[in-house]
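Keep the 3D view open as you read.

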Amino acid sequence: MKSHFTRIVAQVFTVGLMASLISCGSTQTTPTVSQSAQSAQTSNADPALVEASKQEAAGILIYSIMSEKNWQPVIQGFNAKYPWIKVTTADLGAYEVFERYYTEAAGNARTADFISTTAPDGWINFIDKGEVQPYVSSEDAQIPELGKIAQGVYAASTDPMVFIWNKQLVADPPQTMAELVSMIDKDPSAMQGKLVSYDADGEGFGYGLNWFYTKAKGADGWKTLEAIGSSQPKILTSGGKMIDSVLSGESSIGYFVSNITVQPRLEAAQQLLGYSFVPDAQVVAVRGMAVTKHAASPNSAKLLIDYILSAEGQMAFSQGGLTAYRPDIAATAPLHLSQVSQAVGGEQNIIFSRPDKALADPQQRSQFLNQWKQALGRNQ
């Protein structure tokens, strides 16, 4: 039976988040970027940057781990302000954004002007290599410390990891990791091969999530992963593939699934796809972004940083399925960190996955991954 607390979490989540994002027959609607711009502070861009961007015919090439659907409201709003800047996005892996950039930059080929990803160790290496332009955004004073990762590296969003489940297969979904373990213990055979999550080995996003989860939870966190490992979970490299697995019935439940992959699928899949926060283990990925050293259009890319950090840009990304964190739009953004905080009993209960030098240490990385593979039964 669900506890009183988790029922409250479910109510907060359902009323405060889902109703603001999806109509589901309700009369409530989500404001468009243009409507939001009427009430939200817009980017206060440097006029010199604006003029310099007009000389950059190459436009902005973005390497990120976000889909076109995630980017669409941002690009629409950005191009309304800067119609001469062509924006091209490439949806790549968490490490792939860096690897492709390094290869192209070494060969003096056209490469990314702007990178956004959630590989915490990848960011540490990228910063240490001197590949970030140390740009201070015109919006810097409005950004909380959480969003300032390093000089020139800001958070684009703060995205929660969520449970997902197939509604036809799971009548009583887990509200906490503890409840997920109880489900496994209660009926091990029914859960065999039915869980799905990110790969921590070779996939930067999953590495960071699992690292910070076990760091926060200690021995209890490792015991939880061992219980999950006993069910022989599917380990994948993208949230989209996890959702496909759950919708097809191949998997029944996903844990630590990126909310940005869930949101664009909800309207079409809401009859089958359920999701919720994870209040006893609410991991939130701090999604870094920066202008690259070898940018062909650095001024245009800096304007994009300013726009994303502005109230209007944060609103746009939240309409694209990302979670805004800028404090002054907490009451109006469809998805905001404050909603996550409220649902899990306060920000002190959030586990932030963000760049940390320890993750990039080869010895610590190797030790962690060996333990993770053993817990998940992936050493065979």
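Predicted model: local features only at pLDDT ≥ 70, side-chain atom pairs only at ≥ 80, totals over all residues.

V284 stands opposite F352, a residue of strand β11. The strands concerned are β10, residues 282–291, and β11. They run parallel, and four bridges join them.

Now follow β11 itself, residues 350–353. I350 and F352 point one way. I351 and S353 point the other way. Each of these four residues is buried.

Step back to the whole chain. It has 15 helices and eleven strands. Of its 380 residues, 57% count as buried. Take the contacts with a separation of 6 or more: 78% of them come from residues 24 or more positions apart. The accessible surface comes to about 15,400 Å². Carbon and sulfur atoms hold 50% of that surface.

Next, go to helix α15, residues 362–375. How far apart are its end C-alpha atoms? They are 20 Å apart.

Which residues of α15 are buried? They are F368, L369, W372 and A375. Seen down the helix axis, the buried residues fall within an arc of 125°, so they line one face of α15. The general rule is that an α-helix has 3.6 residues a turn, so residues three or four places apart point the same way.

The buried residues of α15 are covered by elements including β6 (195–198), α9 (204–229) and β7 (234–236). The face turned away from the buried side carries exposed residues: P362, Q363 and Q374. After α15 comes G377, with a positive phi near 70°.

Technical notes: Residues numbered from 1 in each chain as written. Heavy atoms only, no water. Buried < 20%, exposed > 50% of the residue type's maximum accessible area, 1.4 Å probe, protein only. Helix = DSSP H or I, 4+ residues; strand = E, 2+ residues; numbered from the N terminus. Pairing = 2+ DSSP bridges. Contact = heavy atoms within 4.5 Å. Areas by Shrake-Rupley, 256 points an atom, 1.4 Å probe, with all protein chains shown as cover. Expected span 1.5 Å × (residues − 1). Arc of directions from axis to C-beta.
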